[in-house]
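Below is a short report on one protein model. It covers the sheets, the cores and the aromatic contacts.

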Amino acid sequence: MTSMFVNLPVTDLDRAKAFYTAIGFTINPLFTDHNAACVVVEENHSYFMILVRDFFQTFTDRPIGDPAAAVSVSTAIFLDDREAVDTAVAAGLAAGGSEDHPATDLGFMYQRQLTDPDGNVLEFGYMHPAAAEQGPQAFVNQQS
């Protein structure tokens, strides 16, 4: 089965672990140490590897950008309903994150952006099942 790991640089590993568990994810202790933690987004499929910046640097010869200063990626995570989106963002705000962009509501899709304490951007979203399966026009047709 295909799995996806998104590597994110962090300045304070304990703070980052607390943030990601506060928004509903878990930490896999088998792949966690003083340099990194494996954040389970979806078991057997999607993960974040949060890595202290010095350790992250060992994976590349290029300089690591500062996500607090310049966004270079935004990771979108789609949830089961709008309420789950709002719950995740509220938990992230309470755990030290910020919401620097207003919510987007296109009717068939609802998204909110949450920035972690290091500046990494997460987008939590919900898409109506008809739109997800058949495209946005299918949702519009259902509303007519």
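Helices (H or I, at least four residues) and strands (E, at least two) are DSSP runs, numbered from the N terminus. Contact means heavy atoms within 4.5 Å.

This is a predicted model, in which local features need pLDDT of at least 70 and side-chain atom pairs count only at pLDDT 80 or more, while totals for chains, interfaces and linings use all residues. Residues are numbered from 1 along each chain as its sequence is written, and side-chain values use heavy atoms, with hydrogens and water left out.

**Overall layout**

The protein chain has five helices and eight strands. Along the sequence the pattern reads β-α-β-β-β-α-β-α-β-β-β-α-α. The C-alpha atoms fill a box of roughly 55 × 35 × 30 Å along the principal axes. Of the 144 residues, 38% count as buried (under 20% relative accessible area; exposed is over 50%, partly exposed in between; 1.4 Å probe, protein chains only). Among contacts between residues at least 6 apart in sequence, 51% join residues at least 24 apart.

Two strands pair if DSSP finds at least two bridges between them.

S2 (residues 26-28) is joined to S3 by three bridges, and the two run antiparallel. Thr26 stands opposite Val40 in S3. S3 and S4 are also antiparallel, with six bridges. Ala37 has Ile50 in S4 as its bridge partner. S3 and S4 form a hairpin with three residues between them, and Asn44 in the turn has a positive phi of about 65°. Five of the seven residues of S3 are buried, so S3 is largely enclosed by the rest of the structure.

S6 and S7 pair in the antiparallel sense over two bridges. Asp105 stands opposite Tyr110 in S7.

Arg82 lies over the face of Tyr110, at 4.0 Å from the ring centre. The criterion is NZ of Lys or CZ of Arg within 6 Å of the ring centre and within 35 degrees of the ring normal.

**Nonpolar cores**

A nonpolar core is a set of buried Ala, Val, Leu, Ile, Met, Phe, Trp, Tyr and Cys residues joined through side-chain atoms within 4.5 Å. The largest has 23 residues, of which Tyr20, Ile23, Phe25, Phe48, Ile50, Leu122 and Phe124 touch the most other members. S1 (4-10), H1, S3 (36-42), S4, H3 (82-94), S7 (109-115) and S8 (121-127) each supply at least two residues. H1 gives the most, with four. Apart from this core lies another of eight residues, including Ala36, Val40, Leu51 and Ile64.

**Aromatic pairs**

The structure holds six aromatic pairs. Rings of Phe, Tyr and Trp (its six-membered ring) pair if their centres lie within 6.5 Å; planes under 30 degrees apart count as stacked, over 60 as edge-to-face and the rest as tilted. Two of the pairs share Tyr20.

| Pair | Centre distance | Plane angle | Class |
|---|---|---|---|
| Phe19 and Tyr20 | 5.0 Å | 85° | edge-to-face |
| Tyr20 and Phe48 | 5.5 Å | 55° | tilted |

Tyr20 lies in H1 (residues 13-22) and Phe48 in S4 (residues 46-52), so their pair ties together parts 28 residues apart in sequence. Phe19 is buried at 0% relative accessible area. Tyr20 is buried too, at 0%, and Phe48 is buried at 2%. Phe19, Tyr20, Phe25, Phe48 and Phe124 form one aromatic cluster.

What does Phe48 contact, leaving aside its neighbours within four places in sequence? Its partners include Val6, Leu8, Tyr20, Phe25, Cys38, Ile77 and Leu122.
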